[in-house]
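Here are my notes on this one, ligand site and sheet both. Have the structure open while you read.

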Amino acid sequence: MLRKTWLEINLDNFKKNCQYLIDHTNKKLIAVIKANGYGLGDRYLAKCAIDAGCSMLAVSSIEEALIVREITDKDILILGYVDPKEADYLKKYDISCAVVSLSWVKELINEDCKGVKVHLKVDTGMNRIGIKDKKELKEAYDLLVSHGVEVEGIFTHYACSDDLNSNFTNEQFAKFKEAYDYLNVPFKYIHCDNSDAAIDFKDDLTNAIRCGIAMLGYASNDKDLLPVCSLYTQITNVKKVNKGETIGYGATYRLDEDEIIATIPIGYADGFIRRNQGRKVYVDGIYAPLVGRICMDQCMIKLPYMIENRTKVELFGEHISLKLMAKELDTITYEILCNLSSRLTRIYILDGKKCMECNSRLETINNGTF
Ligand SMILES: *Cc1c(COP(=O)(O)O)cnc(C)c1O
C-alpha cells in the first residue's frame with residue numbers, strides 16, 4: 001500500500017457471522033454478495049461464505065453472477081431482473097434467477113429456456129418485483145414446468161424487517177404461506193428472511209435465509225455479530241494555525257483561537273462524503289472533529305495537541321461504529337459501504353493476519369492471496 005488510506009476487512013469475523021447465522025436459524029444460508037459484496041469484494045466474501053458453509057450465493061445481475069461464477073461452482077441466484085432474452089447465459093453458466101412477473105414468464109418460454117433454473121418471487125408487499133396473485137403464480141409455475149424450466153425455489157422479500165414490532169412482516173409471511181400452500185408443490189429452497197428477519201423473525205416454513213449485511217456484522221439486533229470492516233487513514237500534515245484564519249474551501253471554519261490542525265488523505269472521492277463535515281474521527285486515543293469542508297482527496301481535523309505524522313486515524317471501526325456513522329449521516333450502513341470507492345486499498349485479514357492487499361485499479365501493487 002502506498003497511499004495509506006485503506007479499508008480493512010476481517011474475514012475471520014465474516015466467517016464467524018456466517019456460521020452464527022446458520023447455527024442460529026438452522027437454515028441454509030444464501031450469502032448475498034451483490035454490489036461487489038456491499039463494496040468489500042464479492043469474490044473474497046464468496047470464498048469465505050462457502051468455507052463457512054453457505055449453500056448458495058446471491059447477486060443482483062448477470063454481470064455480478066458471472067464475476068462470482070469465475071471462482072466457484074456453487075449455486076448462484078440473481079435476485080433482480082434478468083432479461084428473458086439472456087436465458088442462454090443462465091443456462092451456459094448454470095445461474096438461477098428470480099421470476100419477475102407473469103409477463104416475464106411468458107417472454108421466457110418464448111426463448112430456448114429448457115433447463116433454466118428459477119426461483120418464484122412472490123410479491124407480498126414490497127411492490128418491487130414478483131407475482132402477487134396466487135392464480136397468476138400457479139399459471140406461471142405451470143407454464144415454467146411445462147417448458148422444462150426448473151423451478152428450484154420460492155421466495156419473498158420483507159419490507160419492514162428492521163421493525164418487527166410492526167405487524168407488516170407477519171402479514172407478508174401470511175401472504176407468502178398462503179401462496180405456497182395454494183401451489184402445493186415441493187421446492188428445494190424456500191426463503192423469505194433477509195438479515196434482520198433471520199435474526200429475530202421465526203417461521204416454520206422456510207428452509208433458507210438470504211443475508212447480506214449481517215455477514216458483515218451489522219443488523220438491527222447485532223449483539224451476536226462481529227464487525228468485519230474498518231476504514232483508516234493516517235495524518236500527513238500537522239501544524240499550528242492562528243486565531244482568525246480559516247480552513248478549507250469556502251472558508252467555512254474560522255478559528256476562535258490558535259489551534260492545531262492536521263490533514264488526512266481521504267475525501268469524497270473515496271466515498272467519504274462532504275456531509276461528514278463536523279463529525280469526528282478517532283486518533284491517538286481521542287475523538288477529533290473534522291473541520292472545514294471535506295475535499296475530494298483530503299480533509300482536515302482539529303487536534304487538542306500535536307500528533308505525529310503517520311499516526312493512524314480511524315474513520316469507522318472499533319471506536320466509531322459504522323452504525324453510529326450511518327445515524328449521524330442520516331443514512332444506513334449499507335449505503336456507506338456501497339459508496340466506498342475503488343480507490344481505497346482493501347486489506348484482508350484471515351487467520352488473524354493480513355493475507356492480502358489489493359487496489360482493484362492498480363494490480364501492480366497487489367499482493368497476497370487466499
Ligand atoms: C439485498 C437483499 C437481501 C439481503 O439483505 P440484507 O438486509 O443485507 O440481509 C436479501 N434479499 C433480497 C431480495 C435483497 O435484495
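1. A definition first: I call two strands paired if DSSP finds at least two bridges between them. Strands (E, at least two residues) and helices (H or I, at least four) are DSSP runs, numbered from the N terminus. By that rule β1 (residues 6-10) and β19 (residues 345-350) run parallel, joined by 5 bridges. Leu-7 has Arg-346 as its bridge partner in β19.

2. Housekeeping: this is a predicted model, with local features needing pLDDT of at least 70 and side-chain atom pairs counting only at pLDDT 80 or more, while totals for chains, interfaces and linings use all residues. Residues are numbered from 1 along each chain as its sequence is written, and side-chain values use heavy atoms, with hydrogens and water left out.

3. What does Leu-7 face in β10? Leu-231 stands opposite. Here β1 and β10 (residues 229-234) pair antiparallel over 4 bridges.

4. Zooming out, the open sheet has 11 strands with mixed pairing, in the order β11-β14-β17-β16-β15-β18-β10-β1-β19-β20-β21. β11 (237-241) and β21 (367-368) are the edge strands, each with a single partner, so one side of each lacks a neighbour in the sheet. Elsewhere in the order, β15 (residues 280-283) and β16 (residues 286-291) pair antiparallel over 4 bridges, with Tyr-282 opposite Tyr-287.

5. Now the ligand. There are 13 residues around the ligand (a heavy atom within 4 Å), and Lys-34, Tyr-38, Ser-195, Arg-210 and Tyr-334 come nearest. That shell divides into 6 nonpolar, 4 polar and 3 charged residues; Tyr counts as nonpolar and Gly as polar in this scheme.

6. Check the polar contacts (N or O pairs within 3.5 Å). A polar side-chain atom of Ser-195 is 2.5 Å from a ligand oxygen, and a side-chain N or O atom of Tyr-334 is 2.6 Å from a ligand oxygen. For Arg-210, a side-chain N or O atom lies 2.8 Å from a ligand nitrogen. The protein covers 93% of the 380 Å² of accessible area that the ligand has on its own (Shrake-Rupley, 1.4 Å probe).

7. Which elements give two or more residues to the shell around the ligand? They are α2 (34-38) and β9 (208-211).

Notes:
A polar contact is a pair of N or O atoms within 3.5 Å; within protein, one must be able to donate a hydrogen and the other to accept it, and residues adjacent in sequence count only if both atoms are side-chain atoms.
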